[in-house]
Amino acid sequence: MSDGLAGKRVVVIGTGIGGSGVSALLAREGAKVLVLERNSFPGGKAASFEREGFVYDTGVHWLSRGGKGPLGEIADLVGAEGSYRSLEPAMQFTAGGRTAILHQEMDDPEALERLFEEIGVLPENRPGARALFEDLARERSPRELEELDEVSFSDYCSRFVDDEQLNRLLDGFIGMYMCISRKAASAAEFILCFSSQVKERSLCYPVGGMRAVPTAYLKALESMGGEVRYSTPVERIVVESGKARGVEAGGFIPADLVISNTGLKETVALAGRHNFPDNYLAWVDSLRLSFGAVSVKYALDAEVVKPHLFCYFPDFRDPELVERQAAIFVPVPSAADPSLAPPGCQLVLAGSLAPPGLEDREQAAAVCEEILNRIENTMRDLFPDIEDHVIWKIRTDTSYIARISGRRTGEVIGLAQNRHQVGKNRPSHVTPVEGLYLVGADAGGRGVGTEMAADSALNLWRMLLHS
Ligand SMILES: Cc1cc2nc3c(=O)[nH]c(=O)nc-3n(C[C@H](O)[C@H](O)[C@H](O)COP(=O)(O)OP(=O)(O)OC[C@H]3O[C@@H](n4cnc5c(N)ncnc54)[C@H](O)[C@@H]3O)c2cc1C
């Protein structure tokens, strides 16, 4: 237990992975933690809901390391329960009319050769493709990584090879990990995501659905004397003389530390722009978001969809397919945890990227509608009898993500992990307002979505512990 944190009054705004994680970690140090959540349920983008015996997620989630990464590290530190299941083969990838099966051992030389063959990497490009994957998986010093922070992933790849089909495969990985383009993505960030996943051999899904993770952290928090209040939106972060004094949430709640899990841009709005220096505001305004996503969630009365995790790109050689289909990412959570669907039934989530939220809401809704129609076309083309087995079906767009995460925009991850916004250029936990800190995917972490939010919670906890 740290004397510095013991007895400190900490208000955490939000129960996303970052907020729930850090609140349990600080309660472990003896801080008096109060978590305020605007929704009536925990988890933010990592929430899950029940309907007619099915448990489905806000998002379209699959995790790269699960218990072996920062999500597991928090659970171990705070004594939270939870387990993860992996599938074998790990996933299927289809692009340009070719399909490859990916295994958990993605660095195994024989499996890689098979992958290049199946996906159609041209024979003359295979030595370069091999060299790329070897380089992706090798150990790197922090300094080597820092040098790659500001290099775009496509520039980094072109040092080794430029193969059309391999590029599509890499686009699939970038889409899954960071939800931005290969050109925008930071090479170092991709390398971190890919190499840690390959090392742990653990593409996986949490037993109990995505909500199991934040719920377990919050349960640990409560067991250590912390409190969570749901349906309690924070209206304002109260700042006096450059210091955070507490929050307004149906009345003033004083605090020694205020930790915001609402995202950087929203935090600045909640604390009042006049409390920040102009250069900080200009920088915050300039930060870019990851793509948003739309999804179709299928509750099916039979096992219709197989494989149980796949990424599909329409065949670019067929203009009709390109016109009617979408690039989709499809996990089947009930394959990893059968308790998420009634016996014999299947829960299938099909997602596709979309702009995070255009200024014009009607235009944003129309763009999402079009992509959702394409997702359904694609699923019907791949599984012609799917509609005969639908018990219910939900279509969600970027405004749904915005609503659930309490933001104005519906980005999947948070701030984009582009080459200007990672490593030393990622927003830090510390803000110009004394006593106001950030936690979650937007600040101070690295890795894939949920794991970046968990990494952020761990880093903030370490920082406060040693300050
Ligand atoms: C469709 C989709 C697919 C995804 N797929 C994956 C995946 O496969 N793998 C992966 O690792 N990640 C994935 N992610 C990303 C991942 O879910 C997020 O990056 C991560 O969960 C963000 O966590 P966070 O801690 O930043 O908080 P958030 O989830 O953004 O939570 C913020 C919380 O703060 C609360 N809040 C906001 N404002 C207030 C206020 N004023 N008062 C009180 N409470 C407030 C919100 O209600 C919310 O609970 C996906 C996300 C989506 C949407």
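The hairpin of strand 10 and strand 11 has 2 residues between its strands, and Ser241 takes a positive phi near 50° there. Strands here are DSSP runs of E with at least two residues, helices are runs of H or I with at least four, and both are numbered from the N terminus. The model is a predicted one, in which local features need pLDDT of at least 70 and side-chain atom pairs count only at pLDDT 80 or more, while totals for chains, interfaces and linings use all residues. Residues are numbered from 1 along each chain as its sequence is written, and side-chain values use heavy atoms, with hydrogens and water left out.

Strand 10 (residues 236-240) and strand 11 (residues 243-248) run antiparallel and are joined by 5 bridges; two strands pair if DSSP finds at least two bridges between them. Within this pairing, Glu240 has Lys243 of strand 11 as its bridge partner. Strand 11 also pairs with strand 12 (residues 252-254), again in the antiparallel sense, over 3 bridges. Here Gly246 stands opposite Pro254 of strand 12. These two strands form a hairpin with 3 residues between them, and Gly250 in the turn has a positive phi of about 70°.

Next comes a charged residue in a loop. Asp337 sits between helix 13 (333-336) and strand 17 (346-354). Asp337 is buried (under 20% relative accessible area, with a 1.4 Å probe and protein chains only; exposed is over 50%, partly exposed in between). Yet Asp337 has no salt bridge, a term for a side-chain nitrogen of Lys or Arg within 4 Å of a carboxyl oxygen of Asp or Glu. The nearest side chain of opposite charge is that of Arg85, 4.2 Å away; Lys and Arg count as positive, Asp and Glu as negative, and His and the chain ends are not counted. Leaving aside residues up to four places away in sequence, Asp337 touches Arg85, Val207, Gly208 and Gly209, where contact means heavy atoms within 4.5 Å.

Helix 15 (residues 398-405) is largely enclosed by the rest of the structure, because 6 of its 8 residues are buried. Those buried are Thr398, Tyr400, Ile401, Ala402, Ile404 and Ser405. Their cover includes strand 3 (48-51), strand 4 (54-57) and helix 14 (361-382). Just after helix 15, Gly406 takes a positive phi of about 70°.

Ile404 leads on to the ligand: a polar backbone atom of Ile404 is 3.5 Å from a ligand oxygen atom. An N or O atom in the side chain of Asn261 lies 2.9 Å from an oxygen atom of the ligand.

Notes:
A polar contact is a pair of N or O atoms within 3.5 Å; within protein, one must be able to donate a hydrogen and the other to accept it, and residues adjacent in sequence count only if both atoms are side-chain atoms.
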